[in-house]
Amino acid sequence: MNSFLCFLLIIALCLGSSNAIWEKNTVHFKNSLGPQNILKIHCVSNEDNLGIHYLSPGQTYDFSFHDSALKTKFNCDLWQGPDFRFHASFTAYEGKVIIVRYGINVFWDAREEGIYRAEGKETPKLLYSWTL
């Protein structure tokens, strides 16, 4: 019986890592700051450094990925304001160990008062304030 359970686990992990079968998760960022206020974004995971991106007001930046069974996590830093002196650092996406999710959309909206988050069709909630 143990061999059969191991076989099922291996099949489940193989299916979970197949890029062709499952929809990717996506993290979305939007610059809703005031006019001329550029948003600087830098996100990293254990496997990827997504580089630095600059968004003018109204612009968006998205990245998509498949969850890993070993826990997918993206940490991001955002800066804005004169000389990018206002900053926020947070986990933009965190999966769970062994539980692989598909088709998740996480929305981050940078506004003057802070950074708002929504998942799916939720109403955005203020989660982070800008720090100096």
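These legends describe close-up views of a predicted model. Local features need pLDDT of at least 70, side-chain atom pairs count only at pLDDT 80 or more, and totals for chains, interfaces and linings use all residues. Residues are numbered from 1 along each chain as its sequence is written, and side-chain values use heavy atoms, without hydrogens and water.

**View 1. An open sheet of 4 strands.** The strand order is β3-β2-β5-β6, and the pairing is antiparallel. Strands are DSSP runs (E, at least two residues), numbered from the N terminus. Two strands pair if DSSP finds at least two bridges between them. β3 (49-55) and β6 (86-94) are edge strands with a single partner each, so one side of each has no neighbour in the sheet.

**View 2. The β5 and β6 pair.** β5 covers residues 73-80 and runs antiparallel to β6, joined to β6 by 8 bridges. Q80 has F86, in β6, as its bridge partner.

View 3. G103 sits in the loop between β6 and β7 (105-111). Its relative accessibility is 25%, so G103 counts as partly exposed (between buried, under 20%, and exposed, over 50%; 1.4 Å probe, protein chains only). Leaving out residues up to four places away in sequence, G103 touches E23, K24 and N25 (heavy atoms within 4.5 Å). H66 is 37 residues from G103 in sequence, yet their C-alpha atoms are 8.9 Å apart.
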